[in-house]
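Here is a short report on one structure. Look over the sequence and the model first, then read on.

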Amino acid sequence: MKGLKAEVSEIFTSVQGEGILVGVKQLFVRFAKCNLNCIYCDTPKNSKVCRDFVSNKIVRNPVSLDYIEDVMKSVKVHSVSWTGGEPLLYADFIRNAEKIHPFYLESNMTLPEKAKVLRNVVDYVAGDFKVREALPSVNYDEIFENTVRCFKILRNTRKRLTFCKIVLPDVFDYEGVVECVNAVKGFISAVVLQPVFGRENVKALMDLQDRLMDVCDVRIIPQVHKYLGLR
């Protein structure tokens, strides 16, 4: 299986800027392609080349698993963040990677069959729960159901830390967010409310945090890496 390849847009080291592990140093492997099209997405979904900022190389896609493993061996990091795009599209690629460092999965959590492939592979799960306002042109009920299924499959355990991240635009359905959290509260360690970068809905987030504190551990954490001027 070492002949596996994947479309990767970037490889770089930085600090994790989102979620409850904010501040740890990671190797980021950013896959191209995504099965969703969120209104606030700022990541290219296709790339003919992979920009490897660790080795200062430009590599044509698709990139081999051997190449990714060589990069992993060359860095000192807390963990490897498989991100995107949507990394669950490349579940077999991740499953077959040598675990040189712990695996951190950043996913939109809408592909439950792919999530099963990584059930016993990833050490950290930063799982999104998309709000209806982020995906105005899709069957949101199906997205909701698949997201809950993914969180159940990749649930928080003694061996895996799983938390839920909810990215919130300026306008969102308050009760809809509460419904999302209640649906996954038994599968997660915490909920992170993350404002879309540059938006000013902090008062609404604090009101929502007050409401959710009776449900689970809930934290307001912006995209810290952007404030630091990092990738």
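## Strands β2 and β4

I11 stands opposite D52 in β4. Strand β2 (residues 8–15) and strand β4 (residues 49–52) run parallel and are joined by 2 bridges. Strands count as paired if DSSP finds at least two bridges between them. Strands (E, at least two residues) and helices (H or I, at least four) are DSSP runs, numbered from the N terminus.

This is a predicted model: local features need pLDDT of at least 70, side-chain atom pairs count only at pLDDT 80 or more, and totals for chains, interfaces and linings use all residues. Residues are numbered from 1 along each chain as its sequence is written, and side-chain values use heavy atoms, with hydrogens and water left out.

## The sheet

The open sheet is formed by 10 strands, in the order β5-β4-β2-β3-β7-β8-β9-β10-β11-β12, with mixed pairing. Its edge strands are β5 (57–60) and β12, and each pairs on one side only. From one strand to the next, the twist averages 20 degrees. Angles run from 0 to 180 degrees between N-to-C directions, and axes are lines fitted to C-alpha atoms, for helices over the stretch in contact.

Is strand β11 buried or exposed? Of its 5 residues (191–195), 5 are buried, so β11 is largely enclosed by the rest of the structure. Buried means under 20% relative accessible area, exposed over 50%, and partly exposed in between (1.4 Å probe, protein chains only). V191, L193 and P195 point one way, while V192 and Q194 point the other way. In a regular strand the side chains alternate between the two faces of the sheet.

Strand β10 (residues 161–168) pairs with β11 in the parallel sense, over 5 bridges. C164 stands opposite V191. The chain goes from β10 through α5 to β11, a right-handed β-α-β crossover. Right-handed here means that, with the strands pointing away from the viewer, the path from the first strand over the helix to the second runs clockwise. β11 also runs parallel to strand β12 (residues 218–220), joined by 3 bridges.

## Two residues in the sheet

K165 lies in strand β10. K165 is buried, at 8% relative accessible area. K165 touches E18, G127, D128, F129, V192 and Q194, leaving aside residues up to four places away in sequence. Contact means heavy atoms within 4.5 Å.

I220 lies in strand β12, opposite L193. I220 is partly exposed, with a relative accessible area of 28%. Q209 is 11 residues from I220 in sequence and 7.6 Å from it in space, C-alpha to C-alpha.

## Helices α4 and α5

Helix α4 (residues 140–153) packs with helix α5 (residues 174–184) at an angle of about 30 degrees, and their axes are 9 Å apart. Y140, F144, V148 and F151 of α4 make the contact with E179, C180, A183 and V184 of α5.

## Backbone details

Where are the cis peptide bonds described here? One joins N61 and P62, with omega about 0 degrees. P62 is in the loop between β5 and β6 (63–64). Another runs from G84 to G85, with omega near 20 degrees. G85 is in the loop between β7 (79–83) and α2 (91–95).

K33 is not a glycine, yet has a positive phi of about 80 degrees. K33 is in the loop between β3 (25–31) and β4, and is partly exposed at 35% relative accessibility. N56 has a positive phi near 55 degrees. N56 is in the loop between β4 and β5, and is exposed at 71%.
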